Amino acid sequence: MAEPRRGPRVGLFVTCLVDLFRPTVGFAAVKLLEDAGCTVEVPRDQTCCGQPAYNAGDRATAQDLARRTIAAFEGFDHVVVPSGSCAGMIRKHYPALLADDPAWAPRAQHVAARTHELVSFLVDVLGVTWVDARYDDTITYHDSCSGLRELGVKAQPRRLLASVRGVKFTELPDAEVCCGFGGTFCVKYPDISNRMVEDKAANVASTGAGTLLAGDVGCLLNIAGKLKRQGSPVKVRHVAEVLSGLADETPPIGDAAR
Amino acid sequence: MESTAHSFPENARRALQDDTLQYMLAKSRSGFQLRRAAAAQRLPEFEALRDQGRDLKNHVLEHLDVYLEMFESKVVERGGHVHWCRTAEEAREAILGICQKAGAKTVTKGKSMIAEEIAVNDHLEAHGLIPIETDLGEYIIQLRKEPPSHIIAPAFHVSKEQVADAFRAAHTDLPPDRPLEEPRELITEARLMLRRRFQEADVGITGANFLVAETGSTIIVTNEGNGDLTQTLPKVHVVIASIDKVVPTLEDVSTLLRLLARSATGQEFSAYTTFSTGPRRPGDLDGPEEFHVVLLDNGRSALLGTEFQEVLRCIRCGACMNHCPVYGSVGGHAYGWVYPGPVGAVIDPALIGIKEAGHLPNASTFCGRCEAVCPMRIPLPKMMRHWREKEFEEKLQPATMRQGLGVWGWFARRPGFYHAAARMTARMLRRASGSDGKLGSLPLPMLSGWTEHRDLPAPEGRTFQELWAERRGKK
């Protein structure tokens with residue numbers, strides 16, 4: 001038998017929210033990447049991409065965390081992130097953040113160019129056109145802001161979801177409007193954030209879908225938190241859980257174990 | 001205008017509880033967005049025009065002194081006057097001086113955000129003059145004694161019932177039982193009242209959307225034609241404009257005009273685009289006898305060469321606020337100063353100080369829609385972040401936030417400690433949620449804003465890193 005072709009070596013940037021709240025998303029990412037022929041590693045030296053510091057104006061801490069992330073990931077063929085927001089941070093903001101540091105600017109650019117949001121990596125880089133999964137429900141999809149506007153993630157998740165057996169897809173009205181999470185925004189301006197997530201929840205309800213998916217755990221915690229507070233039966237999951245077929249392994253976000 | 005930007009959270013809370021405002025916001029929001037999208041779609045070169053517009057204004061900002069002086073010399077050549085004003089106060093005095101010299105009593109005004117910025121109406125009133133806003137929206141809010149809530153639709157927060165109330169209170173010489181239910185009735189009444197004012201005005205003040213260096217022309221765009229009557233009927237025409245409005249040529253102006261209306265209202269062109277070049281010439285049938293341009297700096301030149309220079313590309317179309325989910329939630333008054341929305345969150349701190357306006361660049365989720373629709377491609381989120389950096393450097397943020405960030409940063413720099421803390425937090429939150437899958441309240445006061453409005457979904461219980469290490473160990 002011929003030696004199996006060795007796929008690209010991928011470093012998984014787990015993200016702090018997946019690590020803490022939703023490890024299943026990490027395993028879903030690993031499964032999708034391995035199924036597509038990648039060798040996946042998870043560097044132990046990773047923590048957070050630095051966005052909380054960056055968006056709070058603490059440039060020094062953000063730079064520090066950027067350097068650590070770069071050092072942990074620069075040896076991989078690709079860096080893959082199950083979040084458009086954190087992928088955008090590394091891909092779009094690290095080079096700007098370290099532009100004035102002659103030692104680190106090239107390293108930042110090197111890692112940035114190799115960093116991708118999970119689903120767009122599968123479709124755009126690996127050429128994946130379908131997944132082997134089943135999920136029996138009507139699904140609607142929220143386009144998280146950074147993935148959408150910084151990385152152009154829009155068609156890729158829809159394309160792969162179309163290949164999941166049992167899925168009926170229905171578009172979410174105002175799918176491209178922010179859910180109101182915004183990192184620390186949601187606790188700094190809770191009333192405004194609430195208005196935004198109320199609108200999002202109302203739009204979700206209007207679709208009649210049984211499941212809401214998105215590609216960022218931050219947005220999902222926010223939307224699920226609102227839906228659950230309202231007593232909504234809508235199931236909320238990260239898109240990778242459905243694409244990988246791991247949705248049965250854990251209850252939806254914010255729901256009790258069955 | 002007295003700033004209330006420092007009370008943004010309280011302003012926002014009030015706005016969220018104002019049912020009329022919420023109804024008006026919801027009504028106008030989708031209209032603006034759909035019309036802008038359709039207009040952009042209809043013009044194949046729209047994206048290329050945005051690049052041209054950006055490059056053009058970048059060029060101007062690199063050579064602002066040259067183009068301003070060129071503009072001045074052309075205005076003078078055509079018999080007009082230019083008044084250079086460093087501050088709002090200097091501009092107010094210049095305008096008052098012109099009005100007093102003309103012996104003016106009534107002053108008509110076209111719509112101008114710069115006039116709001118320097119609060120010229122209050123100043124004129126304090127000196128016995130009667131300033132009359134002639135843009136319908138501005139007229140309404142003048143009667144209601146409130147500032148504009150949007151840079152191109154100043155009264156869009158006002159319902160037609162509220163307009164009728166304002167008209168009944170102000171137009172006391174009209175029959176009290178007249179019908180004022182229909183928009184047409186309101187417009188007819190406004191037109192009747194404003195006609196009288198146009199005829200009695202001694203001075204007309206307009207803003208300017210653009211100043212043309214090669215001709216010394218000033219340009220306004222309107223949909224009501226009020227600007228034309230304001231600037232052609234009185235003896236004296238005063239244009240008030242900030243220094244960033246200058247562009248080199250008429251050709252350049254047409255590039256920007258093609259972007260402006262499409263981005264603002266979704267029109268291909270505004271109903272009226274009016275060029276003013278100097279006073280009435282011998283043989284002209286109409287036009288003012290005097291033509292003045294009051295050029296205002298008010299802190300703008302200080303932005304040149306800084307990380308905020310690019311905001312001076314703004315052509316005041318309002319697209320950023322029309323697409324902003326925060327503006328769409330609270331409206332313009334909550335921002336507390338002249339320029340609301342994303343562009344206000346960048347400009348206001350520059351003009352009134354970050355200490356006063358610190359909330360504005362923080363009240364953004366960085367969703368990026370403003371930058372996505374800005375015809376001049378101004379990186380508004382990036383600049384809001386720069387303001388947050390200034391706040392951080394000057395230690396202006398709340399102590400709890402700084403301390404929280406400090407603790408978090410300490411852990412985030414130390415993966416071993418970080419992973420241990422994450423394991424503990426995941427377990428703790430899981431345990432606190434019981435079998436519910438979610439938490440209704442949290443012990444940390446910092447996070448009460450979250451649980452006030454929504455549950456916190458519980459973590460699965462163990463971190464990815466620990467599960468991954470286990471899985472690796474088994475292999």
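Which domains does the domain assignment of chain A give?

## Domains of chain A

The assignment, which is of the automatic or database kind, divides chain A into domain 1 (9-123) and domain 2 (129-249). This is a predicted model, in which local features need pLDDT of at least 70 and side-chain atom pairs count only at pLDDT 80 or more, while totals for chains, interfaces and linings use all residues. Residues are numbered from 1 along each chain as its sequence is written, chains are lettered from A in the order in which they are written, and side-chain values use heavy atoms, with hydrogens and water left out.

The C-alpha centres of domain 1 and domain 2 of chain A lie 22 Å apart, and the contact (heavy atoms within 4.5 Å) takes 26 residues from domain 1 and 24 residues from domain 2. Between them the two domains of chain A bury about 2,000 Å², 73% of it on carbon and sulfur atoms; buried area here is the accessible area, taken with a 1.4 Å probe, that two parts lose on being put together, summed over both. Leu32(A), Val119(A) and Val123(A) together supply 23% of the area that domain 1 buries against domain 2, more than any other three residues.

One salt bridge is counted between the domains, the term standing for a side-chain nitrogen of Lys or Arg within 4 Å of a carboxyl oxygen of Asp or Glu. Glu241(A) forms a salt bridge with Arg22(A), with the closest N and O atoms 2.8 Å apart. On the side of domain 1 that touches domain 2, helices H1 (16-21), H2 (23-35), H5 (84-97) and H7 (118-125) of chain A each supply at least two residues, helices being DSSP runs of H or I with at least four residues. The largest share of that side, eight residues, comes from H5(A).

## Where chain A meets chain B

The contact between the chains takes 71 residues from chain A and 66 residues from chain B, and the area buried between them is about 5,900 Å², of which carbon and sulfur atoms give 59%. Five salt bridges are found across this interface; the side chains of Glu34(A) and Arg471(B) meet in a salt bridge at 3.9 Å, N to O.

Several helices of chain A each supply at least two residues of the side that touches chain B, among them H1, H2, H4 (59-73) and H12 (217-229), and H11(A) gives the most, with nine residues.
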